[in-house]
Amino acid sequence: MTDLALLIFQLLLPVALAPLLTGLVRRIKARLLGRRGPALVQPYRDLARLFRKEPVLAFNASWLFRGAPYVSFAVVWLAMAAIPTFATTPSLGLGLDLIAIAGLLGLARILVALAGMDVGTSFGGIGASREMTIGALAEPAMLVAIIALALVAKSTALPDLSKAMSEGVGLRVSLALALGAMVMVAIAETGRIPVDNPATHLELTMVHEAMVLEYSGRHLALIELGAMLKLTLYLSLIGCIFAPWGIARDAGMTALAAGAGAWLAKLAAGGLALALFETVIAKMRVFRYPEFLGAALLFAILGVVFLYISQHLK
Amino acid sequence: MSDVDQWTLIGVAQATFVGLAVGGCMTNRRPVLIVPLYALAALTCVVALVAALGTLLAPDADVVTRRVLPVGLPDIKSHLRLDGLAAVFLVIVNLGGIAAAVYGIGYDAHTTEPARVLAPFPLFLAGMNLVPLADDAFTFLVGWELMSLASWLLVLTGHEQADNRRAALVYLTMAAFGALALLMAFGALAGAGGGYTFDAMRRSTPSAAIATLAAFALLLGAGSKAGLAPLHVWLPLAHPAAPSHVSALMSGAMTKVALYALARGLLELAGTPQWWWGGLLAVIGGLTAALGALQSLTQNDSKTLLAYSTIENIGVITAALGLAIAFKASGQRLEAGLALTAALFHALNHGLFKSLLFLGAGAVLHSTGTRELDRLGGLIHRLRWTAPLVLIGCLAISAVPPLNGFASEWLVFQSVLDATGLGHWELKFAAPVIGALLALAAALAAAGFVRFFGIAFLGRPRDAVAANAHEVTPAMLAAMAGLAALCLAFGAWPGVPLEPLGRAAGMMVDPSGAAGRLFVGQGDGRTAWLAIAPHGDLTAVYSGMVAALGLAALTGIAVGVTSMASRTPARRAPAWDCGFPEPNPATQYTASSAGQPLRRIFGGPALAARDRVEMPPAGDLRPATFASAMRDPAWHYLFDPLIALVSRTTERLNALQFLAIRVYLSLMFAALIGLLVVVAVTR
């Protein structure tokens, strides 16, 4: 019974908190720029407004266009549920490992990209084509980073990974390199500066926003919520691997409360770091993505090589 | 099922194929025969499938049955042998055969000369069914050549077009080269004693040099048939030229038969495998995968892009096969079994989804008359049933959960992770590179199939042929639906096919059979059909069930909650497009523009891709033009120079045709003297 309750909590809590995280990042960015910024709960208000509004569909929008927001949201949600946020025990992470999470995020990307091409506007096409390009550049780096982590943990399942990383792995250059690769991939995949700009309204610089330009009403609300959830997902993922402290390993109340507190603190810290990073860096042009994500791949490969060497010297 | 039954079934199936070929010759005069012939071909494939499944699903792993037929060369006869590995490939061949034949019932009714397809089609199936069964070099090569020649005839179906004739010529040349290489390999392995049966080759222990020579010849022969870079050049020409259901068979089944030859030869026949064969094969596989996926992304012809994507998947399978050989050579049998299982599972899955996609491309061709992506668009509204089926194929080949393509790529990646533990430093360092190449290939494939589906099926029609397209016949839909259902089922329950595949793979890497049962789904409390756990419960587990059911449940919740929270019905309106919707469908993204970023990033260095835009100055009324050019490095660096060398040499040698008789006589005399000198020196 407690397991079921925990599972439901693990499913619902990230969805409930994702808009708050986005609100926090926006708020901190606004403060850093000297503005007062919107209230922390503004994303909730935006979503509620979108749910109330009438959705408008283009005349030639197909079933794929209408279905993609629901399915892509569910895909990100499932991936999120596989990540140990505040407790490891009743986790889908036992059936969906890190590679499966990367695959699920790929599915979400494909669905939204297809929906972007459905109406037949050039903005949808440009967004879809660039989004898939970013995916193609990010996935090798992600996979090699997974190899580096699996070398340490002997597993790609996140509960095992998180456990192994919390048990005296120590500070290692190789893991720092893997962390760097993961962070760069996360920035690219969540559409943050310098790869994409979530706040842009200039068509030619948009990637994700250009794909979903035709969406409105509840469909747009689901897409937006899915994007917020994806940000929460990547921060939780990096948190549970590289800062595996405080995750509850039993169902005791104190452990769970501590786990939840630690998770919230990690999210807040991640949001702060993201806001700082986005404020000090400029958006790069499209054809510099390969350099950015190529560096991520290089970091990951170097991480693997260093791990080999350290294993050899042991 | 007793083994007598299996061999009877196989005998009946092969005899029926030959009979069907004879019947196929008469279809030009009697077109009524077309439908019964295809139906009978499908039934025959079912019979062969049942025979193969009987061996594959037998509970004891080492079920091997043999037959010796009194035909063939006088001193060796024809040896046939059915074991787990052969059965796996027979299943792949006959699943594809059933789908292609059922599809043919609806597809081919309108062609002018049906005998051009129906006569070689059953022979092609017979050849592909014979190769895995062969247990001596002679029978093997007979089956191999039957397969090659029948498919060559099928490529020539559209012989009126010069492109198809060129494709057939290139294909025939490569097939001849491949068969020659295989002949050399078998010759080297048979040795001076001439032990041409595979049993004799298994028993003999060739020296390292001979074994390596044979392995290279096998790699050339089987690799050229499978489409490994740089010997892949014929594949994107020949596969699209054939009728679509034959393309499906060539890509889905024939390339797998070639991989069967590679697996059988390198793991069993060529003595003890050496670790660097495996490493080399894995690197070639990774490079082939990335190159194939990249080239698939740059093609504007629906069937050509599918053919390039076949090259990609062959690369993935070969990489896993290479890892299996490296593990076996290093004595790690469990890991070798896992890698080989991954290769077999991906071969099976690719057979399913690539057949599905080729049949889908055939449906588009059938209903619009074109293969050019840039003339299509909006077919999702016209081909209401074909579109979701092709979408399933696109998602499966893009390796995303919960479909079958992901399950097998996941296993391949687990093998790559295992490879980091290999003893040789070269292999250790190659492992992350192979992993990165395979991940790149998977992501490029995803981009390529978003482009394929998005341009052909989504958006607005770019041409009248797409606007007036019609749904295809029920038989064609049934073939696609069957393949799509298998893609979904194997994705949700990967443990079901993996159990017998794992057993067959275990027998190949460890004939004692001890390792065969260990690596799939043996964790405590988890049964095989729920989740795949490559090393028991020690490391990661992938559960297709969790992915499929979780996705279905969460989608249901999302739809339910949203429909409760937001009840306003959707309104239809013109597209928004930032306020300036352009009615001309030519303003949509095209096949070239959708691939442009990746073509520019990777195509520049790898394919020498160049985009040229000519924009006339302001005030000039000429239209702007765009041209995109690229070249295949294999043609540029290998085949074009080779062809040039051959033509130059033949031109020189041509002079020999016009000599006087005394010159010929003196040439012969000189040759005789030369040979005598050689004999005198060497004795």
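**Entry 1: overall form of chain B**

I began with the radius of gyration of chain B, taken over C-alpha atoms, and compared it with the globule rule of 2.2 Å times the number of residues to the power 0.38. Chain B has 26 Å, which agrees with the value near 26 Å for a compact globule of 683 residues. I note that this is a predicted model, in which local features need pLDDT of at least 70, side-chain atom pairs count only at pLDDT 80 or more, and totals for chains, interfaces and linings use all residues. Residues are numbered from 1 along each chain as its sequence is written, while chains are lettered from A and ligands numbered from 1 in the order in which they are written.

I then looked up the extent of the C-alpha trace of chain B, which spans about 95 × 75 × 60 Å along its principal axes. Chain B has 26 helices and six strands; these are DSSP runs numbered from the N terminus, helices being H or I of at least four residues and strands E of at least two.

**Entry 2: confidence**

I checked pLDDT, the predictor's confidence in each residue from 0 to 100. Chain B averages 89, and 94% of the residues score at least 70. Over residues 518–529 of chain B, pLDDT stays under 50. Where pLDDT is low, the predicted coordinates should not be read in detail. For the model I recorded ipTM 0.95 and pTM 0.94.

**Entry 3: where chain A meets chain B**

I counted two residues as in contact if their C-beta atoms, placed from the backbone, lie within 7 Å. On this basis, 72 residues of chain A are in contact with 69 residues of chain B. On the chain A side, α5(A) gives the most, with 18 residues. I also noted that this side divides into 47 nonpolar, 15 polar and 10 charged residues. Here Ala, Val, Leu, Ile, Met, Phe, Trp, Tyr, Cys and Pro count as nonpolar, Asp, Glu, Lys and Arg as charged, and the others, Gly among them, as polar.

Strands pair if DSSP finds at least two bridges between them. β1(A) and strand β4 (residues 571–573) of chain B pair in the parallel sense over three bridges. In β4(B), A573(B) is the bridge partner of A58(A).
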